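My plan is to look at each chain as a whole, then at a few local spots.

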Amino acid sequence: MKENLKSFFKKDGVKSVLASLISILVGLIVGAIAVFLVGIFKDTIGVKGAWEGVRIIFAGILSTGRDAIGSLTWGYNAVNLGDMLFRATPLIMAGLSVSVAFKTGLFNIGAPGQYLMGTMTSLAIALSIPSDKVPTWIIWIIAFLAAMVAGALWGAIPGFVKAVFNINEVIACIMTNWIAANLVTWFFDGSVFCNQVEAGKTGYIYKTSYNGVATVKLGLDKVFKGSQVNGGIIIAIVIAVLVYVMMNKTTLGYQLKACGANRHAAKYAGIKDKRNIILSMGIAGALASAGGALYFLAGNTEFFWSTYQSLPATGFNGIPVALLALNNPIGVIFSGIFMAMLSTVGMQLTNLTAYNEYITDVIIGVIVYLSAFALFIRTWISTRKKEAPVKPIEDKEKATQEEENKEGGNE
Amino acid sequence: MSFLIQQTLLFMVPLMIVALAGVFAERSGVINLALEGIMIFGAFTGVLFVRTVQEIGIFENAYLNGNWGALQLFEILAMLVAGIMGSVFSLLLAFAAVSLKADQTIGGTALNMLAPALVLFLVRIMVNQNTLMMFKGDSAGWFMLKKTTFGFDKDADLGFFGNTFLNKVYLATYICLLIYVILSIILYFTKFGLRLRSCGENPQASASLGINVYKMRYSGVIISGFLAGMGGFVYALTSSNCSANGDVAGFGFLALAVMIFGNWKPLNIAGGALLFGLFKCIAACYSTLDINGDGIFWLKEVGISSNVYRLLPYVITLLVLTFTSKKSRAPKAEGIPYDKGTR
């Protein structure tokens, strides 16, 4: 039994998952500590409020509000869980986008821009094709596919300048992000898509349900009554599996990964490195913009069009999603749902306590920070699970372990 | 014309000083993608310092008596605080990148996510809204240098030079320019600067000559954090009325682009910052821009959408990078964690 356990911990996959879990745990603990400290020093919150905040951070997804005497209640919350799955949809797509680029050795920080391009294309098409002449499901599919094409083209730009002009893709992505944000604002500014029917909604684009277009529910709305969940999450999961197959079972995936592992070696082996870099960014762009399309084609979401001063957080959150999943497309499904859970927890914090949703962004930041030295954590795990020490070495090992513990404490 | 120069300076100086921050980190071998985050954090701590001191009332009398010397001292103190806290924040990057040999790009991204989240979380709890303002008054009233500050009459004409550089300006702008020059000289003409640059080119060779690469990289990142934090506060002071809302409008990233555009060299960076400052300025105030002072706002009359002007800085950055990339020469060892074993 013990032997089995040891070989279990020795596996690379297990180590990676453990490293991610440790990152998550430390992130949550840091968030809880911050909440607790702030609560103690702020007299309007106090120890009781701080304790409530800490509990919501760890289990907010199961919180059902407050009862008559004002204490927190817990249980199955269909709205929360459904909304979590709904929010997870674009996060999974953004995470897939970042992870595909990562596998090719590219850091796709351009997901927000690609997400915006997908949003713009899908909304414009979904709202402009007359639904009395064309069946709405065909409009939906056209809008979705067009969004992916637009995203692919937009994502290919940083890939192109990287491959041909050797410009750092991070800078190129950041520039295309802001260009996209401005383009989207320019496109929607004063256009027919702006909501002029409902009062107080002038800053928003019409919901796609205005034209009768909405993602199919696939019965999920019956499981999670009252929530926004729809078939988008299923589509995202299917796409994740497809990406997994593409990366691991096809020649294309092999070529992309080869370029990521060593661009020069891949070139030497006859792989067209430039073509693959552009292709990888194009695929990444298509995935991220599909996320935007899935979110805004849902029928009940509204897009704030004057976005030239801010980029969508969903795109950036693709980075932690991909990092937590160690760029494994199947893992992205789970880490995407986890991130969505965090954001639901943030809403709970805002609604139920004196805290606000930004603490969950702090937690995400800490998790990304920790995943930067995932390798360090992984080696730390494997040194801890060393073979059973022989007596005389024990003291020495203890000493090194203590040293490592100290290092761990410094984090 | 003086309006154009003043506005351009307002945008140019934070860009320049933050780009120099990037130079110090990257020349020592650490990619500092966290400039944006450090700026946000610096802006927050600087504004918080101003707010707290105002609340205690230390400079209250100086303000009432119009003692502008004391108020400028207050401004410099706030800049110092923002810089020091920026350094402290950048230690997180240094620790991950240098001590733990972590991926620097991801580490920087983490700080970029952490800073606005932390700032907004705290600001929301402190003042129950998303923007932390000064406790009383505004930045123009407290810190801006005006004609009256120097004892001139409000309508006095100080000539072109006086009107442009002494009226309605901030001392912070000139301090930043001064620091920029001094640090550029340090980077190029001192032993420390030479050693720092060598660590970004070939750390193994530097180590073989007895230079402590870890120490040099730490100092590079710490100086970088100081400059970025200070730059963040200067941006908040001069462009957003001394308030912090967890956002510096992408200036940190733009500064990174300016740094690459300037080929990691201070003089070129100053030129690049001037160019982007000008475009940013046009984007921000094209409709009230009166270039030759004849009362005709021709940029407005041309009738191009404001969105185009806002797009320009980014499009031009991308284009310029495309055309200059052949000559671009990044520090050779940047982004590669220093490992003693790989000599």
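What radius of gyration does chain A have, and does that agree or disagree with a compact globule of 411 residues? I looked it up in this model, which is predicted. Chain A has 23 Å. A compact globule with 411 residues would be near 22 Å, so the value agrees.

**Entry 1: chain A overall**

I took the extent next. Along the principal axes, the C-alpha trace of chain A spans about 85 × 70 × 40 Å. I then listed the secondary structure. Chain A holds 17 helices and two strands. I checked burial too: 53% of the 411 residues in chain A are buried. In chain A, 72% of them join residues 24 or more positions apart.

**Entry 2: chain B overall**

I repeated the checks on chain B. I found 15 helices and zero strands there. The C-alpha atoms of chain B fill a box of roughly 70 × 50 × 40 Å along the principal axes. Of the 343 residues, 55% count as buried. Among contacts in chain B with a separation of 6 or more, 79% are between residues 24 or more positions apart.

**Entry 3: a helix pair in chain A**

I reminded myself how such pairs are described: by the angle between the two axes and the distance between them. At what angle do the axes of α2(A) and α15(A) cross? I noted roughly 140°, with the axes coming within 8 Å. Helix α2 covers residues 12–41 of chain A, and helix α15 covers residues 358–372 of chain A. The two helices are therefore oblique to each other, since only angles over 145 degrees count as roughly antiparallel. I also noted the hand: α2(A) passes α15(A) in a right-handed crossing.

Which residues make the contact? From α2(A) I wrote down Ser23(A), Ile24(A), Val26(A), Gly27(A), Leu28(A), Val30(A), Gly31(A), Ala34(A) and Val35(A). From α15(A) come Ile359(A), Ile363(A), Val366(A), Ile367(A), Leu370(A) and Ser371(A). I sorted the contact by class and got eleven nonpolar, four polar and no charged residues.

**Entry 4: two asparagines with positive phi**

I kept the general rule in mind: most residues other than glycine have a negative phi. Asn166(A) is not a glycine, yet its phi is positive, about 60°. I placed Asn166(A) in the loop between α6 (136–165) and α7 (169–188) of chain A. Is Asn166(A) buried or exposed? Its relative accessibility is 56%, so Asn166(A) counts as exposed.

Chain B gave me another case. Asn128(B) has a positive phi near 60° and is a residue other than glycine. Asn128(B) lies in the loop between α5 (104–127) and α6 (139–143) of chain B. With 68% relative accessibility, Asn128(B) counts as exposed.

**Entry 5: Asn317(A)**

Asn317(A) sits in helix α13 of chain A, residues 313–324. Its relative accessible area is 15%, so Asn317(A) is buried. What does Asn317(A) contact, leaving aside neighbours within four places in sequence? I recorded Leu91(A), Ile364(A) and Met113(B).

Technical notes
Residues numbered from 1 in each chain as written. Chains lettered and ligands numbered in written order. Predicted model: local features only at pLDDT ≥ 70, side-chain atom pairs only at ≥ 80, totals over all residues. Heavy atoms only, no water. Axes fitted to C-alpha atoms, helices over the stretch in contact; angles between N-to-C directions. Helix = DSSP H or I, 4+ residues; strand = E, 2+ residues; numbered from the N terminus. Parallel < 35°, antiparallel > 145°, perpendicular 65-115°, else oblique. Left-handed = near helix turned anticlockwise from the far one by under 90°. Contact = heavy atoms within 4.5 Å. Nonpolar A, V, L, I, M, F, W, Y, C, P; charged D, E, K, R; others polar. Rg over C-alpha atoms; globule rule 2.2 N^0.38 Å. Buried < 20%, exposed > 50% of the residue type's maximum accessible area, 1.4 Å probe, protein only.
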